[in-house]
Amino acid sequence: MRDDEILDTAIDHVAASLTDGAPSRGFSARVRERIGRPRRSRAWAWQLAGGLALIALVAYFGWPEQENTTTPTVTTRTTTPPSAPQSPAIVAPRGETRVALAERQAIVRRARAPRVLPRIPIDPNAPQIAALNEVTELTVSVARPRDLDLLDLSVREVVIRPLEPGDKEQP
Amino acid sequence: MTAAADDLLERARAGDAAAFSEIVRQYQMPVYRAALAALGSPADAEEAAQDAFAAAFRRLDTFRGESSLKTWLVAIGWRKALTRRRRLRLLRMRATPAFDRAEGPDPLETVADTRPGAHAVLLAEDLRQQLRRLIRTLPAKLRDPLLLIASGNYSYEEAAAILRVPAGTAKWRVSEARRVLREKLRSLGYAR
C-alpha cells in the first residue's frame with residue numbers, strides 16, 4: 001500500500017471513531033415528550049427587536065418636534081431647496097424653531113436673486129462706459145445681510161468690464 | 001421509498017404518534033451521529049437530534065420525497081447541530097469542540113512493555129491521537145464534510161444534500177481535508 005492510502009485509511013478510521021456512538025436509552029420517549037411540549041414563544045424576541053429598532057430610529061432621526069408651528073413643514077421645504085447656499089450670517093437666534101429659520105433663509109435667498117439688479121441706474125455718458133463699445137454685462141456685488149434684519153439691500157459698487165471670450169450674452 | 005415506509009410516513013403525517021415513534025427509532029442513529037460529527041459532544045448531539053425530530057414532526061407536510069427520508073431527517077439534524085454549535089461558540093461555553101476532548105486513555109498506560117508488538121500498538125495509538133488533534137484543527141468547512149461522511153458512509157451526493165452544497169464541492173472539501181491531514185502527518189514524521 002502506498003503511504004497516501006495508509007494515511008487515508010487511518011484518517012477515515014479516526015473520523016469514523018469520532019462520530020461513533022448511539023443516543024442514550026429513552027431517546028424516542030424524550031422526542032415524544034419534546035413534541036408534546038408547547039413551543040417556546042418568541043414574542044419577547046420580536047418585542048426586543050422592535051424596541052431596539054425604535055431606539056435606533058430615534059437616535060438617527062431625532063425625536064419628533066412637539067412645538068406648535070403655524071407653518072407646515074412641507075411648505076417650508078418647498079421654498080428652501082436643499083442646495084440653497086447657507087450663509088454663515090444666517091443663524092437662528094436661540095430658541096427659534098427650525099421652521100422660522102428656513103423661512104428666513106428663503107427670504108434672503110429671494111432677495112439675493114440676480115433679477116433685482118437691473119434697476120441699478122447707469123449713466124451712458126459716463127467716461128468709462130463711453131470708452132467701452134460693447135458692454136454686455138454688469139457685475140454687481142451687493143452687501144450681504146449681516147443680520148436678518150438687513151434685508152433692504154444696498155448696492156455698494158458696480159464693476160464694468162468689456163466682453164470677454166467665453167462670456168454669454170444675457171437677455 | 002418502500003410501501004411500508006410510505007405508509008409509516010402517511011400515518012405520521014396524519015398525527016399517529018406511534019408511527020412517528022417508529023420513524024424516530026429507525027433513523028435516530030444516523031441523525032444522532034451526524035449531530036455528533038458537527039458537535040463532538042454526545043450530550044449536545046443528543047439534544048440536537050431531539051430538536052431535529054421535534055422539528056421534523058412539525059414539518060412532515062413539507063417533505064416531498066425529493067430526497068430519501070433519511071437524508072431529509074439527517075439534514076434537519078445537521079442544521080440543528082450547526083445552530084447549536086454557533087450558539088455554543090457565541091456563549092463561549094467551550095473553547096474547542098467536545099469531540100476533541102474525548103482523547104481516551106494515555107497510550108503509555110494501556111500498552112504493557114512486555115507484550116509483543118507493543119511499539120507498533122503504541123505507534124498506532126499515537127497516530128490516532130495525532131489525527132484526532134489534527135482533525136480538530138481543520139477549518140469547519142473541511143472538517144464537517146469529512147466527519148459527516150464518516151458518520152454514516154454517505155455518498156457525496158447525500159452529503160452534498162445535507163450540507164446544502166454542490167456534490168463537487170462536497171467531494172473537493174473531503175479530498176482537501178485528507179490532503180491537509182496527510183501533509184501534516186508527513187511533517188510529523190508519520191510517512192515519507
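1. Let me start with the loop between helix 8 (156–163) and helix 9 (167–187) of chain B, where B:R164 lies. This is a predicted model, and in it the phi of B:R164 is near 60 degrees, a positive value in a residue other than glycine. As background, most residues other than glycine have a negative phi. B:R164 counts as exposed because its relative accessibility is 61%, over the 50% cut-off.

2. On one side, 28 residues of chain A are in contact with 35 residues of chain B. In chain A, A:L18, A:T19 and A:R34 lose the most area to chain B, and together they make up 23% of what that side buries. Between them, the two chains bury about 3,000 Å², and carbon and sulfur atoms account for 63% of it.

3. Eight salt bridges are counted between chain A and chain B. One of them joins A:D4 to B:R182, with the closest N and O atoms 3.6 Å apart.

4. Which helices of chain A each supply at least two residues of the side that touches chain B? They are helix 1 (3–18) and helix 2 (27–36). Helix 1 of chain A gives the largest share, 13 residues. By type, the residues of the side of chain A that touches chain B divide into 12 nonpolar, six polar and 10 charged.

5. A residue of chain B worth a click is B:Q50, placed in helix 3 (residues 42–58) of that chain. Is B:Q50 buried or exposed? It counts as buried because its relative accessibility is 3%, under the 20% cut-off. Setting aside neighbours within four places in sequence, B:Q50 is in contact with A:F27, A:R30, A:V31 and A:R34. A:R34 is also among the residues of chain A that lose the most area to chain B.

6. Finally, the nonpolar core. The largest one has 69 residues, and those with the most contacts inside it are B:F20, B:I23, B:F53, B:L73, B:W78 and B:L146. Helix 2 (residues 17–39) of chain B gives the most to this core, with 13 residues. Taking B:I23 as an example, and not counting residues up to four places away in sequence, B:I23 touches B:L8, B:L9, B:A12, B:F53, B:L69 and B:L73. In soluble globular proteins, nonpolar side chains tend to be buried together.

Key:
Residues are numbered from 1 along each chain as its sequence is written. Chains are lettered from A and ligands numbered from 1 in the order in which they are written. This is a predicted model: local features need pLDDT of at least 70, side-chain atom pairs count only at pLDDT 80 or more; totals for chains, interfaces and linings use all residues. Side-chain values use heavy atoms; hydrogens and water are left out. Contact means heavy atoms within 4.5 Å. Buried area is the accessible area (1.4 Å probe) that two parts lose on being put together, summed over both. A salt bridge is a side-chain nitrogen of Lys or Arg within 4 Å of a carboxyl oxygen of Asp or Glu. Helices (H or I, at least four residues) and strands (E, at least two) are DSSP runs, numbered from the N terminus. Ala, Val, Leu, Ile, Met, Phe, Trp, Tyr, Cys and Pro count as nonpolar, Asp, Glu, Lys and Arg as charged, and the others, Gly among them, as polar. Buried means under 20% relative accessible area, exposed over 50%, partly exposed in between (1.4 Å probe, protein chains only). A nonpolar core is a set of buried Ala, Val, Leu, Ile, Met, Phe, Trp, Tyr and Cys residues joined through side-chain atoms within 4.5 Å.
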